[in-house]
Amino acid sequence: MKKILFILTFCTVLFNHAQSDIDVYLFDLEISNDEYKLSNIVNVSNNEGYDNQPSFIDNNTIVYAGTRNNQTDIVKYSIDTSKKTWINTTEGSEYSPLKIPNENAVSSIRLEENGDQKLYSYNLETGESEILVDKLIIGYHTWFIPNILISSVLDYGNLSLFVTNVNEQQNHKIESHIGRSLHKIPNSEEISFISKMNDLWEIRSFNVSTSKVKFIVPTLENIEDMCWTPDGTILMAQNNILYKFNPKKDNKWIEIASLKEFGIVNITRLAVNNDGSKLALVAENEYQKLEPKLENISWITGNWKGEAFGGITEENWSEPSGGSMMATFKLINDGKVTFYEIEIIREIDNTLILQLKHFGNDLKGWETKDETVDFPLKEITPNKVVFEGMSFEKISKNEMNVYVDIHQKDGTIETVKFKYTK
């Protein structure tokens, strides 16, 4: 019983980090002549609670651990369509999803309520799972090649570096007192890890073929999250500053970008896609939440036009008056109206609520006489108002994105993005 309690306590610290309200953000990344430019920020998770550990399946798809129904499950996010799909439906919580080489599956750590913690594979189409590694308590992992796994393993109260042959279920310990960040080094036979053997943490490499360990560079002070770009450059962040170090040409960490303008603070996990065009990271938003008053969302006012659902959309929001804002919406496909909506945002009980009704092109209502579709308010920041299932994001004075969660029959959620201009 004491062992189970110890594992549960250790893993709660390991994964949840006090269950802070953090999100997964995505940026366009441009690298030219050693200059780094970040743009087009998107809050991928846009969710209360713990959303963490993003990794790329391919150049246009991210998986991460997201909070749902008071537990953490695997989310797949399409960059092209902004669609989110929940992969699994287990009773345990899943963490650190990673694409398994040459398989249509991800590996992820499942933490059960009884303290059992094992590495599973999850089919990306069906969500079906099976145990990959049974005898180790793995905290974090990365794939070197198919069937060869590198992992941080709970080992006498600390994390140790292990190599596992998954087919043969053989495990070999390499080094003690390491961190959580494990990555394959591009164009090499090595992986990187964080050594915590000394007071000043170090990034080291491990050659899987020769078993040799080499020093690369000290980390930024007390920072253990990093990633590699395709050209062999390390990225790390401290608070809201992004740094780079290229082992081939740099002799110190170099500041390359500040994310202060995006309201990003306390950056942790980092991931770059294979072609180096996208950067995913985990962070908090420093913007102070605004009071739930209509005056704080009056920037929504106006005649907005865009495209969604394969057609043309138009949305007209009135100025706040009488304790409410009102909007009409219509979708046009092939030159004909598909449906209309009437929407209101009103002040009630010291908060806001968004309510709407749908109508066919003949104005026959979809909902019953007294029925409305309701979206309670979650939060307001200077550039965003988030309701449960719908959010409005201010891009500029004449640009706005609206995100709507559409619940599918198979239980998945598709987030539809309306890109509006006026």
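These legends describe close-up views of a predicted model.

**View 1. The largest nonpolar core has 29 residues.** Six of its members touch the most other members: Ile297, Ile300, Ile345, Val385, Phe387 and Phe392. Strand β28, residues 324-333, gives the most to this core, with four residues. In soluble globular proteins, nonpolar side chains tend to be buried together.

**View 2. Isoleucine 300 and its contacts.** Leave aside the neighbours within four places in sequence. Isoleucine 300 is then in contact with Trp317, Met325, Ile345, Val385, Phe392 and Met400. Isoleucine 300 belongs to the largest nonpolar core.

**View 3. Four strands form an open sheet.** The order is β15-β16-β17-β18, and the pairing is antiparallel. β15 (183-184) and β18 (213-218) stand at the edges. Each has a single partner strand, so one side of each is left without a neighbour in the sheet. Strands of a sheet pair through backbone hydrogen bonds.

**View 4. Strand β16 meets strand β17.** β16 covers residues 190-195, and β17 covers residues 202-207. Six bridges join these antiparallel strands. Serine 195 has glutamate 202, in β17, as its bridge partner.

**View 5. Isoleucine 174 sits in strand β14.** This strand spans residues 170-175. Isoleucine 174 has a relative accessible area of 29%, so it counts as partly exposed. Beyond its neighbours within four places in sequence, isoleucine 174 is in contact with Leu161, Val163, Phe206 and Val213. Lysine 99 is 75 residues from isoleucine 174 along the chain. The C-alpha atoms of these two residues are separated by 24 Å.

Notes: Residues numbered from 1 in each chain as written. Predicted model: local features only at pLDDT ≥ 70, side-chain atom pairs only at ≥ 80, totals over all residues. Heavy atoms only, no water. Core = buried A, V, L, I, M, F, W, Y, C linked by side-chain atoms within 4.5 Å. Buried < 20%, exposed > 50% of the residue type's maximum accessible area, 1.4 Å probe, protein only. Helix = DSSP H or I, 4+ residues; strand = E, 2+ residues; numbered from the N terminus. Contact = heavy atoms within 4.5 Å. Pairing = 2+ DSSP bridges.
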